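Look at the model below and follow the chain from one end to the other. Then read on for the sheet, the rings and the cores.

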Amino acid sequence: MAIQFKALPTQDVRALQLGGPDAYGHTPERQISDGDGMPCRHCLKNIAAGDAYLVLAYRPFPDLQPYAETGPIFLHAEECERAAESEVLPEVLESPDYIVRGYGRDDRIVYGSGGVIPTGAIAARAEALFERHDIAYVHVRSARNNCYQCRIERA
């Protein structure tokens, strides 16, 4: 089965880069990267040392509900090109492992679908999850902090 890693939508990112409110209604904080572990969720690349970035609360779900997790993410402060939808593992996923978890069409966690998966096995795990009819999409999240990284969908 073919899958696609998907970055945040450009329209949403541009609004945040222009000072629009985050998931908590706050203006994103502006910082300068030291070049260590600042993954942009739009271009799916690390933010280089010396580059400005935004820290903000993000909720990758359309509506508020008990499973709609909100957490911190980073974005380039200046416009960057959205990562192409691809079955190739994004370069930003460079930690040894990540949480990979399935969600249903109702945007709720599908219990039993989550696990800490070695980075090189993420695509295979997503493909296995998509064999289940109750999985609509998959999140990749930090195994250390549970921060949202990207979404995986069926191609």
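## The sheet

Five strands form an open sheet with antiparallel pairing, in the order 1-8-7-5-6. Strands are DSSP runs of E with at least two residues, helices are runs of H or I with at least four, and both are numbered from the N terminus. Two strands pair if DSSP finds at least two bridges between them. Strand 1 (3–6) and strand 6 (115–118) are the edge strands, and each pairs on one side only. From one strand to the next, the twist averages 35°.

Strand 5 (residues 97–103) pairs with strand 6 in the antiparallel sense, over four bridges. Ile99 has Val116 in strand 6 as its bridge partner. Helix 2 (residues 122–129) packs on the sheet and touches strand 1, strand 5, strand 6, strand 7 (137–142) and strand 8 (148–154). Contact means heavy atoms within 4.5 Å. The direction of helix 2 makes about 15° with that of strand 5. Axes are lines fitted to C-alpha atoms, for helices over the stretch in contact, and angles run from 0 to 180 degrees between N-to-C directions.

## How the model is read

This is a predicted model: local features need pLDDT of at least 70, side-chain atom pairs count only at pLDDT 80 or more, and totals for chains, interfaces and linings use all residues. Residues are numbered from 1 along each chain as its sequence is written, and side-chain values use heavy atoms, leaving out hydrogens and water.

## The rings

There are five aromatic pairs. Rings of Phe, Tyr and Trp (its six-membered ring) pair if their centres lie within 6.5 Å; planes under 30 degrees apart count as stacked, over 60 as edge-to-face and the rest as tilted. Tyr103 and Tyr137 are stacked, 5.4 Å centre to centre, with 5° between the planes. Tyr103 lies in strand 5 and Tyr137 in strand 7, so the pair ties together parts 34 residues apart in sequence.

Tyr103 counts as buried, at 0% relative accessibility. Tyr137 is buried too, at 2%. Buried means under 20% relative accessible area, exposed over 50%, partly exposed in between (1.4 Å probe, protein chains only). Ring pairs link Phe61, Tyr103 and Tyr137 into a cluster.

## The cores

The largest nonpolar core has 20 residues. Such a core is a set of buried Ala, Val, Leu, Ile, Met, Phe, Trp, Tyr and Cys residues joined through side-chain atoms within 4.5 Å. Helix 2 gives the most to this core, with three residues. A second, separate core of 18 residues includes Val13, Ala52, Tyr53 and Ile73.
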